[in-house]
Structure formats: structure tokens, C-alpha cells
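Reader: I am new to this structure. Can you show me how to read its features?

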Amino acid sequence: MNLLRIAGLNLDIHGTPILRDVSLSVDPGQIVGVIGESGSGKSMTAFAVMQLLPNGSAATGRVTLSGHEMLELPERALCKLRGNEVGMVFQEPMTALNPIRSIGQQVAETILIHEDVPKSEAMARAREALNRVELPEDRFPLTRYPHELSGGQRQRVVIAMAIALRPKLLIADEPTTALDVTTQAQILALLTRLVREDGMGMLMITHDLAVVSGMADEIVIMQNGRVVESGPAATLFETMQHPYSKALLAASGHVPDRVDRDGGAPLLEVRGVVRDYRLPRKTLFGAPVVIHAVKGVSFTLERGESLGLVGESGCGKSTLTRAILGLEEVQEGSIRLDGEPVFTGHTANRAVRRRMQVVFQDPYGSFNPRHRVSRLVTEPFHLLDTPPTGAEREAAIDEALISVGLTPADKEKYIHEFSGGQRQRIAIARALIIKPDLIILDEAVSALDVQVRAQILDLLADLSARFGLTYLFISHDLSVVRSITDRVLVMKSGEIVEEGPTERVFDAPRHAYTQELIAAAPKLPEGVA
Amino acid sequence: APKTDITVGQQLEPPHLDPTSAAAGAIDAVVYSNIFEGLTRFASDGSVIPGLATSWDISGDGLEYTFHLAEGVKFHDGTDFDAEDVKFSLDRARAEDSANAQKGLFSSIASVDVVDPMTVKVTLSAPNGMFLFNMAWGDAVIVAPESIETIKTDPIGTGAFKFSNWVQGDRIEIEKNPDYWGTPAKLDKVTFKYISDPTAAFAAMMAEDVDVFGPFPAPENLPQFDVDPRFKVLVGSTEGETILAINNREAPFDNVKVREAVAHAINRQEIIDGAMFGYGTPIGTHFAPHNPDYVDLTSLSNYDPELSKKLLAEAGVPEGFQFKMTLPPPSYARRGGEIIAAQLRAVGLDPQIENVEWAQWLESTFKGHDFGMTIVSHTEPMDIGIYANPDYYFGYDNPDFQKLMSDLNLETDAAVRSDMLKQAQEMIAKDFVNGFLFQLALTTVANAKVEGLWLNAPTQAADMTSVYWTE
Amino acid sequence: MLRYTLKRLVSLAISLAIASVVIFLAIEILPGDPAANMLGVNAQEDTLAALRDQLGLNGTPWERYSSWIGGMLTGDFGTSYTYRTPVAEMLGERLWISLPLALYALTMSTLIAFPAGIWAASKRGSVADVTVMGVTQIGVAIPNFWFAMLMVLVFAINLRWFSAGGFAGWDAGFFAAMKSLTLPAIALALPQASILARVMRSSLLDTLSEDFVRTARAKGLTRRQALWRHALRNALIPVLTIIGMQFSFLIAGAIIIENVFFLPGLGRMIFQAISSRDLIVVESAVMLLVFGVIVVNFAVEIAYALVDPRLRAR
Amino acid sequence: MADPRTNIRPKAVDWRLWRQVFASRSLAIGLVLTLIFAGAALISLVWAPYDITQMNIANKIKPPSGAHWLGTDHFGRDILSMIMVGARTSIAVAIVAVGIGMAAGVPLGLWAAARKGSLLDEVIMRANDLVFAFPSLLIAIMITATFGPSAINAIIAIGIFNIPVFARITRSGALTLWQRDFILAARVAGKGSARISVEHILPNVTNLLIVQGTIQFSLGILAEAGLSYVGLGAQPPTPSWGRMLADSQTMISFAPHMALFPGMAILLTVLGLNLMGDGLRDLFDPKLRRGRT
Ligand SMILES: Nc1ncnc2c1ncn2[C@@H]1O[C@H](COP(=O)(O)OP(=O)(O)OP(=O)(O)O)[C@@H](O)[C@H]1O
Ligand SMILES: Nc1ncnc2c1ncn2[C@@H]1O[C@H](COP(=O)(O)OP(=O)(O)OP(=O)(O)O)[C@@H](O)[C@H]1O
Ligand SMILES: [Mg+2]
Ligand SMILES: [Mg+2]
């Protein structure tokens, strides 16, 4: 008998169809991976199992969890099952914990809710659960509060809560999306271990094909609220039929066509850059705390080159970007573009700044929602001494939009009328409009779905070929960096630990940290792409 | 048995309890005749009767007053009252550094001499027909030298009641003086409760939280008390001539024609009806209608807006003009002001109303003379003399009138005085110094079973000495 | 926690110092002569000068400021110009009415607002929610002095359940005293309770939509349990802010209500002192109020830290 | 639909917006009530049933009748006309007071946010705290005691206390906006913080300001009523609701209509504005519309 069996599940929210005829099953000890693009209904499927659907939801069909018909059970009975028979881990570890209760209390609560045991016993078992998720007692006493933990550690607490009662089924909804690669690898390993140890069934939701391909027994692919393909992980990649599945797979391993370049003249020279942040005094009379975000970074970027910068969250990538862009002054070192310093004295050099542009990570946050596209993309004109006006300006806008694959008609629209991928195209158009020499891409594709990401990568490769652009490509996603850069820098805690041609670094990493990073990155099985 | 305690509601709380060093009428309202007594005192009808002085002799030239004091009088602290106390009190009031608000009352005194413990001789520098009257004021009461340090918070007098307790902002309690030298009080305890808000006063009265409220601040509520058998309404008269004071110094009000125009633009009856709900006697000059010397001059300034417009045209201001009208807090001023302003607007004048607190009124209107018109009730008894002071706030400067007043002061013959007073009334009425509106009524609301209250207010007092409950 | 407290204390002291200067300056420019006000229309100039000297109204502003502050620091708030009694004593007496009234109203409003707000939030969109929201909208919009007038009309004049106003005094017994504070407290509490209920509801709705509530539900907590154990304490922070603000408002802002019910409270004393230009009383009383507000805010901030461990760390 | 992640709606005229306006009950009721009173105020500029400067003492304190729908007051004036003209006073005072609060508070808030953590920010926010710490009604009383009671001084007294409200809300709104990438993009385009504040921050906090403005507006009306009630607002003959209540107070026991109607006018106007504010908030903030478990 299946542990979980979803059959013909339909879900409407306020009359809008969300899920249509979703069927899947999970057996004890089995890991079922659910993948699909954003909005395809993965999370809603999970919530339907938990019966924690949003207000206004109407579900039909069958959801059977170890013999219980979840859609028919009264709320009281459901509460008995949640946390006991089925545990759930969520995507966002930073907000999934109650900030004002200690981690011990929160883990013990799972036990106290379901079992009539004394508090001390519950605490002891909470301790045990935390030990199992590798939060040892000496460093993580029960009295810690969530804000004292890192993202990965918080996610472990959430997992501890979910497994404290050794439920039969564990649902993990994108449990690692918000985490670093290395942390992601640890969490995935931890989940796999727990499932194996307890013989739990697990429903693992993710948008990253590579993540599930490494750990799932069974894979379910969803699109627009429907299951389009499912089958054993071992064989699915070969046997898949549905065009969407194929496209997804193709996009996941996509490598844009790039024209190889010979080394050119140095464009950007970064020499011994140091950037410290002085935090406000924590105590009244104590010394101010200084954070060394960037500690003496040097590198050279050649004209026409695409340079990658990888490293985990907080290592100083964005800080370095801001320094290069002349948004913040550095304490030590120099940054020169074509020999011209970015800063002269304490003021940023306009002549240099107009030759650099940037594309940010968040396609939703990088535009003022109240301006039309025409105004958005022309914002960099502010850097010019004599910005084009009238017809000349219109022509420049049209050209920029066309070059990123949009139409001139789009300039009259507002940003909310575009999808994430289109927005990122507009961001690139904004960067292109003053014809810069250097474009910095700070996690420019990290927030996009795989298919969209593939398109944008193609666009970037194409633009670089056409306009001879130079890229500084910042990302924590190694496969992306590998596919689009000529050379790569590996950064750790504000320092560059390794540098070299992309192929060489990925194939034969020298620094231990690089090795760790590459080992941690989830990979699609050999030869499928 | 009838109740022996009473709660009296009043609007204004006294700042302290020394009647001889502040102008506040609220002080007299508590202490006058209840706690402190003077040589003479006012009766409810305004006549001057013996107080601590049981009798007196006046020398032929009117310069020497010999007062014979009551026997067996003791202050509340147990000390004896004698001629030394009288001398001390009068000398203190007229001294150089005196803080007496009515120092003028004592200005004619040349010396005070103790003849024997029960006799005092007061010598005047010039005859003063008002002297016995002056000695009846609350500012002229006799105080004990031993208690002077703490008099403001712990008043020690000779009256039928003793001060017992003060909860600031709320109430003052006085209790019967068992050792009183005269007719003892009928009540054991009187509580003065301070309720400044007229609505609250109405509510408190209706809820029978207070037994007597006088003067009751909201005339509009009186009919309701009248028809309610639980209560009675006493309508008497005060010494308050309510006038529309005009700044005589300021052009164009320095022109008598303009002032006359103002006088004819005012409809007194409408003001009395609208602001006082009918309570009040129209006056045509600055004199109390209940006074035997009163002359009815209201027809001089009858309501005639057409005449008013004509006069304005004659005075050269046919288009009217703008001026400031300051209104102090009492409702006669605030409401009356609104009505008068509307009436003046009807003849083309343009008053700008400014509601002020008393403090501001004193500062800017009374002392600073920064006003065009204002409304105020002059509650001092027999105060026509203020028109002889050219520096007074309304700035009436008429040498003839000033001479008349100084002659009056020296005159002691009653018939001649009466004639002079009538002449004075006419003089200011014909000069249209101010708009003379009405005599403020004293409206007291009381529990129907309370007797012995003052009907009129010759001075601001709540004389409780003969008040009692009937069954 | 100690350092957090210390830091807050320093900024508290600075705020108070600035406030004292502002108050002093404001009083300086207030027109009107207290001496003239006391002596009335027939006062003579020399009498006035004598009195002004007696009151200490002569001297440079700096001298007067420093003697005022110096006095306040040593607990000597000066002597009232009009009443000639120590201001500290007067303040103390008035506080014995204002403070209990404020606490009474606050207790009342909290006791109404918490259940109403929680109930409305937990039944979002239901008839109960709509009713609570509708009633509180009216409660917020109603001018409280008007409401007080209506209450006096109904409960004191017509029904005669309560006395129309005044304060029975604590020596008349606890219940008599509280009874005389009841109508004023209701008038004060009504708008406060409405605001508080609304804040409680919206804050609770906000926290109920937080991820950690979903986590709690996934653990098997019922909706109610999730609300009481997880959402409520987190929702309390904005509610605490409002309670802090209301408390200070209730002490100082009750002037109008104190007038309607002729309560001899602090607000009315200041109001009267302003109109009689008893400046020393105004100065000291306003300072006391500002002090109260700042201290209450301080207490609220400390309370935050107790509720929220994240602040303790800072 | 606006993207919920941006939390901000475009300014494009969108007729669906109007449908939402009327779908939201509170917004619709609020709008209707507000329009009624604003309309009454406007009409009173050209016409009122009776001339309120004329007194008719003989006709005083009459209950509602055919001739005087809401009765007459203690001077025989028509209460309906008084309420209509009084609406003008209330609205004018509240508008200007909110205007003062916005004119001073918004730039201060923008400025403080642009220099977050600096001494300037600290000074502005501490000064704001200080204004909050003062008992507002008392300060209003002191201001009017100092400069004399008048509508202007009431406006100033109310306006001053609006400044920190707007400074605060602007600052907190602006601070979250400063975290957004589009601000970084503007900085990359070489724009200074003043320019960014005006071009990017201000338009995006207008929703917040509109909502807060509506609420402060209603508080302004209440405050004006309170001040007029204690005699510190507009001076006669300018009618004001608060003074109408004060005037009627002693007559409430025998002429309740005199107190009832002005009180209702205040209640309904404030209610209307609050409902509108709430409705607007819901409309502008999609987060509140999404219900979760
Ligand atoms: N509370 C809600 N009310 C209405 N619609 C919702 C709600 N939550 C989600 N949806 C809709 O349901 C659909 C499926 O959403 P779901 O969260 O399951 O997607 P997902 O596959 O998990 O995407 P992602 O990878 O972005 O998490 C989406 O179209 C979404 O807009
Ligand atoms: N304004 C700031 N004030 C203080 N510390 C800062 C500031 N900005 C960044 N830091 C600190 O500097 C370090 C580097 O931050 P940075 O944003 O450059 O990291 P990153 O590599 O871009 O990380 P991510 O991948 O999460 O974007 C971090 O420890 C961060 O906390
Ligand atoms: Mg999801
Ligand atoms: Mg970054």
C-alpha cells in the first residue's frame, strides 16, 4: 500500500483553477521529487496533503495518507496527523521560525502537542532531534533563539521539528532554494540520511532538476497545475516523452553558444581593494565593530572577456560590485577602468561611471513600478553630459529594446505588465542604452526559471558577440558561471582564493574551498543534457 | 430632623482665602460674613448694617468715626478680638506695601487710633460719604495679626463658620463656629463645590449632588428648575451693570456720534432674551436699577437702527469700519457679544470677535487698552466713580464729570448726594460713553427646602449664616 | 539587556533636558501677567510690583530657568502663584485622580479591546469581524466629549445611576471613588478601546500570515493554538506601542473629559493654571507629563525587549 | 493585477480600480459620506437654506420642522445651514493642518531616510519623538493662549502634531524603498540622493501618504472640534461644529437636537474618512487582501 496517494486532485482557489487531475504516490522509504516552473502548483499540492490550503480553496479528488482520507477528515483529526504522521519543511528558513521562542521550545512543541508527556521529557527529545539534524548540544543549546542562527542552521531546526515524532511522510517544499550551495548539499544529505534511517517517505519539491536527479527515486514533473510526466528517476531522463519535460531538461543543462576570444587589452584593473564596514557601536562604550567585507582583492578584466565571480552568500561579491561601480568608496586599493580611476578624490568619476552598467538579481525590485519602460531604460542617460532628446532618444530606446528581443511598442508599458524574464531583458536594455564597455551582472539569472534563464544566457552571449561587451558575471550558481564565462574568480570571506580559466578551475580545482564548492553543486546525471 | 449640612455649588474656585489681598470675588463668596466680618456689613438688600462695630458716632465735620466694638468676640483660633485688631487690619490694608486689591477704599483714612479695647477712632483726611459703605466690603474685613502668615490657606476670622478643609480643584468645607458671638449659624457644615462648567452645574443640580447653586451660570436651564418641584429659582439682582464698553480714546469711537450710533444699533431686549434667556433688567446708564437714586434713561438709547445709520453717516463713517471686540469667558459676554456683533453688522459696522481668557482680557483689554469694544459686568457696588478716571480702560475723559465725582465724595448730605448721582447718571448716558445693556440678575437655584438664602448680591457673597433646611 | 537599558536611559535624559528648555521658552512667551490676574481690575501699580517681586517674576530668564530646574531636581517644584501652596503637593493631589482614572480607562479599554481584536482576527471576514470593525469605526469617530455629554444626559440626569460628575474622594471609600470615575473612564476608554481593538486585529492578522504560523500549523497545532501560542505574543509589539501612547494621552489628554465631569484632575489644573497664568504650575505640570510620557515610552521599549529576544541582543 | 511582490500599483488609470473601490464596502461607504460633507461644504459657498449671520431670537431653540429640517439654535439660526457652513470650517482647518504636516513632515522623512543612521537622521527622529511626547491638547491650548484663539492658531496647533506623523511614515516607507534594487539602479545612473528621493522614493510613498493623510484628516476634524469645543478654534460668527456642541451643551436636556446634529455631523464625517482610509489601505496593499491559512 502506498504511504501517500494522490488521485485526481483538483483545486480551485476563489474559483480559479490551480490544480487539475494531479495524481502521484509515495511509498515508505521512497523519495519522490516534484519539479516544475514557478507557479506550476507544486506547493499547492503539498498544502493539499497537509490540508493547509489558503482561504477560498476547494479541493476535490482523493488524498490518502496512510489510510486516512485527508480531504474528508475533520479539522481535529487533521491536527492529530500533522506533525505526527506527516511533517513539513518550508522554503524560507529565515521566517519559518517564531522569532521570540527558543528553538528548544519550538521543537518540543511538536512533541507536546501530540503526546501527553512532561515538559522535561519533551525537551530531552527535542534535544535528541536537534542532535540528529547535526546541531550538537555544546554549540546549540535549546535556549538559543532563531536570530542567533544562520539560514542553514535554522533550516535544520525546522527539519528537527518536522522529524521529531518520526513521521511516516516528510514534505520538503524547496528546502534549500534560499541556501548556499555548500549548505544546500549538507541539507540534502541530511534529509536523505533521515529518510533512509527512519524509512520515511519524502515528497521533495524543487525547481532544480539537478537537485532531485541526485536523490529522488521517483520524479514527477508539473506544469500549469498538471502532472505532465512521472517515472523512476533512474530512467525518466531517457524515457521522457512530454515536450515540456524535454524542454525543461534541455534548459537545465543549457550552454549558450559563445564565440571564443583572444585575450585583449586590460579594461578593468582592481588592485588591493579593501572595504570595511563600521557597524554602529553595539554597546555604549565598546569599540565599534568592523566588518571586513572585502580584504585586498586584485584582478584584471580584459576587454571582451567574460569573467565569473563565484562564492557563497556574504563573501563580499556585491560589496565589490558596488565599489567597482563607484557607488561606495573603498578604504584601500584602486579600481581603474582603462587606466582611469573610478574615484578621483572622494567623488566618483562620471566619465568612468558612464562606461559601466549593471544588471541586478531581482527582476521585480530593480524597476520603479511607477515609471514607463521608456523612462526606466533611459535612466542611465543621466550620466551623459548631453543626453539625446526627441527622436534621437526614441531611436535609442527602440534600438535597446530590439536588441534584447523586445519590441518598441513595449516602451509605453509599465513594468508590472512583464514577466520576470522580460523584466530581466529590460534591465539589460537599460544597461545597454549608453553603450557601456563593461556590464556587471550581479546574480542576473539566479531568480529566473530554468527555461527563462537559458534564454537570457543566450541573449547575453549574443550581445557580447555583437557589441564586444565585457562581462563581470557574479553568481553562486556554478553551472551558470561555467556556461558563460571565460575565466573565473573564486571568492571566500572577502578574498579571492582561486583564479583561472573556467574549464581549468571546474575540472581541476586547486584550492580546497573551490573543490568543496564544486563537489557540493548538484549535477544532472552524466550524459543526459 | 432637617438636614444640617449643605452643599453649595459655585463656578469659580478661589485662588486662596485672604479677601484682603486679592480681587477674586470667589474668595468673598466663601469667606464674606461666613468666616470674616468687617466693622460694617451688607444686608441682602444692599443696605449697610452694623458688623463687628455695633454702633458708631460721626463727628460733625464728618472726619472722625468712633466705632464701638461688639463684646465677647473671639477669633476662631481662640484669641480675643479687640480694637488693636481693627487698627492692625486697617493699617495693613492702607500700608505702602499692601497687596490689597481695593486700596482705594482706605485712601481717605488719615489715622486709626485705639481709644480703649472696645473703641476705635478712625480719622479721615476729608469727609467721605461712602466711608461706612466702604468698610462693609470684603476687602475691609478684620483679620488677626497672629494668623496673617497662614491666612491664605487657613483663614482665621470671627464669623459664624470656621474653615475646615480644602480639596483644591474640588471643594472647600466650613463648619459651624460654636463660640460665635452673635446669632449662631443654623447649619453645622457648608461645602462649597467648584463646578466651572455650566452643563456640569446643571447636571450636578439635577442629580442633587449640590443643594444650592448661586449664581447659576446657565439661565437657559432655569425654566427646567422652575417647573421641577424639587427646586426653586431665586431671581434677584446683583450690582453688576453689564456694559458694552467702548474704547473712547480710539477713533472713530472718540466721536460721540459714533457712540450714539452704537447705542441705537443695540436691541437690549434681544440681548437679554438671547443671551440671558430673559433674566436681567435693561439699564440706560451705569447704575443699579434697585438703587433708590436710579434714573431710567433707557429711552435715550432706544433701538433704532435707521437713526444709527444716519448718525454714522453724519459722523463721516457711513460705510462702517472694522474693530476688535474682545469677549471674556462668561456667557453674558460670549453670547451677548455674538448677538451684539450681529446687530452692529446690521448697521454696517464690522466687529471682529476675539474670545479671551480673563488673564488675557486684563492684560490686553483692561491694561493694554487694545480693543474697540468689550463686554463686561461691573459688579462692584456704587462704582459710577470709575467714569471719573480718564486712565480707566474705556478712557472716558470729561472734566465736568470728574469734578462732579470729587464733589460727591465730599458731600455727606443725603438729598444733595442723590441729586448729584442722578446728574452723573445722565451725564454719562448722554455722552454715550458705553453701551449700557442690563443689570445682571442673580439667579440662584436651590433645593426647595432650603431657606434663608440671599436674594440679591450687594456684594459677591454666599452668606450662609441664616440658611436652614425646612422639613 | 543592561546595556540596552543604559543606552535608552541616556537618550531619555537628553530628551528630558530638551523638553524642559522647550517648555520654559513656551511659557516665557505666554502673554499675561500672573500678578495682574490675581489682583484684578482695581489693583494699583505699586501693589502689582510688590506682588511680582514676591512671586519671583523678576530676574533674567536664565536665572529663572536654572532655579526652576534646580528646584525640580531636588523635588521642589516651586509654589503656585495663585494658590500659594507647593506645586508638588498640588500635583500629587491631582495625580491621585488622574492616574487612577487613566489606569481605570486603560484597563477598561484593554479588557474590551483584546478579546474583541482577537475575536475579530480569528474570525476574519465573518459577521463577528464585520460587527467588531463597524463598532470600532464608530468608536474611533465619535468625539468623546460629545459621548460624555450624552452619557451624562442618560445615566446621570435621566436614570440617575451615577452622579453627574465630581470626585467623591478616596476617603469616601474605594467603591464610591471608583463609581465617580466610571463614566469619565468609559468616555475616555471608548475611543481608546476602539483603536486598540483595531490595532490588535490588524497586527494579529499580520502575524497570522507569517511563515512561522504556517510552520506551527504544520506541527499539528490547531488554528486557535497557533494563534494563542505563536501569533499573539508577536502581535503584541505594535499593541504595546499604542498602549504606551494611550497611557500618556489618558493622563494629559483628559482635560476635556475632566471638564465635562468636573473632575479635579491634572489636565484641568493645567488648563486653569494657563488661564490664570499660574506659570510655575503650568511649567512643572507639563514637565511632569512629558516626563511621564517619556518614561512610559521607555518602559514600553523595555517591555519590547522582554517580548522580543532580538532586541535584547542589540 | 499588480504583482504582489512589488506591492505598489502603477499610476495608470485603471477602471478595474474603480470596480474595486465599489467592491470594497468600507471604501464605498466612506467615499459617499465624505462626498456628502464635502458637497455640503461646497454648496454652502453659494447657497444655504438660511443666512446664518442673521439672528432671530424670537425663533430660538425650535425642534426640527418643515421650515428648519434640523431645527434652530439658541440664536434662532437654522442648524442645517450652520452644519453646512461649519463643514467648511472643519474641512478647511483639517486640510491645512494635514498640509502643514505633509509639507514639513514628508521632506524631513525623506531626508532622514536618505541619510539613515547619520546624526541628521537621529536628530530628526528624536525631535519627532519629542513632539510626540508633549501632550498635544495642552500644547494646542498653550499656543492659542499665547497667540489668541483663532482658526489659524488651531490649524498651527494641529498641524505641528501632524509633522512627526508624516515624517515617520515617510521615513519608514522610504527606508524599505532604499533597500530596493531600482534605487541602486538610479545610483548607478549617477543620481544623487535628493534626486532619487524626489524621483523614485516620493512617488512610491504616495499611497502610504494618501492613506495616512485621510486618517490625519479625520483626526484633524476631531481635534478642531475639540479645540472649538473648549473655545480655542474658529471664532464667531464663523460656525464650527465643536462650538455648536459647546453652545448646545447646557441645553441638551431640553433641546437635544442642538447637540445631536452637530455631533452626528462630526461622527459621520470622521467615520467616512476613516472608512475611506481603511478602504484605500486595503486597495493599495495587496498583501492584506491575500488571505493565508
Ligand atoms: N493564496 C493564494 N490565493 C490564490 N492563488 C494562489 C495562492 N497561493 C498560490 N496561488 C496560485 O496557485 C498557483 C500555484 O502556486 P504554487 O505556490 O503551488 O506554485 P509553485 O509551483 O510552488 O511555485 P514556486 O516555485 O514559485 O513556489 C499559482 O498560480 C499561484 O498564483
Ligand atoms: N552596508 C553594510 N553595512 C555593514 N555590513 C555590510 C554592508 N553591506 C554588506 N555588509 C557585509 O559585508 C559582507 C559582504 O556582503 P556582500 O553583500 O558583498 O556579500 P555577497 O557576496 O554579495 O552575498 P550574497 O550572495 O548574499 O549577495 C557581509 O558580511 C555583509 O554582512
Ligand atoms: Mg512553491
Ligand atoms: Mg550579493
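Author: Start with one atom pair. An oxygen atom of ligand 1 is 2.4 Å from an N or O atom in the side chain of S38(A). Keep in mind that this is a predicted model.

Reader: Which polar side-chain atom lies 2.6 Å from an oxygen atom of ligand 1?

Author: That atom belongs to S43(A). The backbone takes part too: a polar backbone atom of G41(A) is 3.0 Å from an oxygen atom of ligand 1.

Reader: How much of ligand 1 does the protein bury?

Author: Compare the ligand alone with the ligand in place. Alone, ligand 1 exposes 640 Å². The protein buries 64% of that.

Reader: Which residues surround ligand 1?

Author: Read the shell as a list, then sort it. Among its members are I13(A), I18(A), E37(A), K42(A), P54(A) and E174(A). By class, the shell has 4 nonpolar, 5 polar and 3 charged residues. Helix α1 (residues 42-50) of chain A gives the most to this shell, with 3 residues.

Reader: Now ligand 2. How many residues surround it?

Author: The shell around ligand 2 has 12 residues. The closest are S313(A), G314(A), K317(A), S318(A) and T319(A). Helix α10 (residues 317-324) of chain A supplies the largest share, 4 residues. Sorted by class, the shell around ligand 2 holds 4 nonpolar, 5 polar and 3 charged residues.

Reader: What are the distances from oxygen atoms of ligand 2 to side-chain N or O atoms of S318(A) and T319(A)?

Author: For S318(A), the distance is 2.6 Å. For T319(A), it is 2.4 Å. A backbone N or O atom of G316(A) lies 3.0 Å from an oxygen atom of ligand 2. As for cover, ligand 2 has 630 Å² of accessible area on its own, and the protein covers 63% of it.

Reader: Let us turn to two chains. How many residues do chain C and chain D bring to their contact?

Author: Count each side, then look at the area. Chain C brings 46 residues and chain D brings 38 residues. About 3,700 Å² is buried between chain C and chain D, and carbon and sulfur atoms give 75% of this area.

Reader: Which residues form the salt bridge between chain C and chain D?

Author: R198(C) pairs with D278(D). Their closest N and O atoms are 2.2 Å apart.

Reader: Which helix gives the most to the side of chain C that touches chain D?

Author: Helix α1 (residues 2-28) of chain C does, with 8 residues. By class, that side of chain C has 34 nonpolar, 4 polar and 8 charged residues.

Definitions and conventions. Residues are numbered from 1 along each chain as its sequence is written. Chains are lettered from A and ligands numbered from 1 in the order in which they are written. This is a predicted model: local features need pLDDT of at least 70, side-chain atom pairs count only at pLDDT 80 or more; totals for chains, interfaces and linings use all residues. Side-chain values use heavy atoms; hydrogens and water are left out. Contact means heavy atoms within 4.5 Å. Buried area is the accessible area (1.4 Å probe) that two parts lose on being put together, summed over both. A salt bridge is a side-chain nitrogen of Lys or Arg within 4 Å of a carboxyl oxygen of Asp or Glu. Helices (H or I, at least four residues) and strands (E, at least two) are DSSP runs, numbered from the N terminus. Ala, Val, Leu, Ile, Met, Phe, Trp, Tyr, Cys and Pro count as nonpolar, Asp, Glu, Lys and Arg as charged, and the others, Gly among them, as polar. A residue is near a molecule or strand if one of its heavy atoms lies within 4 Å of it. A polar contact is a pair of N or O atoms within 3.5 Å; within protein, one must be able to donate a hydrogen and the other to accept it, and residues adjacent in sequence count only if both atoms are side-chain atoms. Accessible areas come from the Shrake-Rupley method with a 1.4 Å probe; for residues, only the protein chains shown count as cover.
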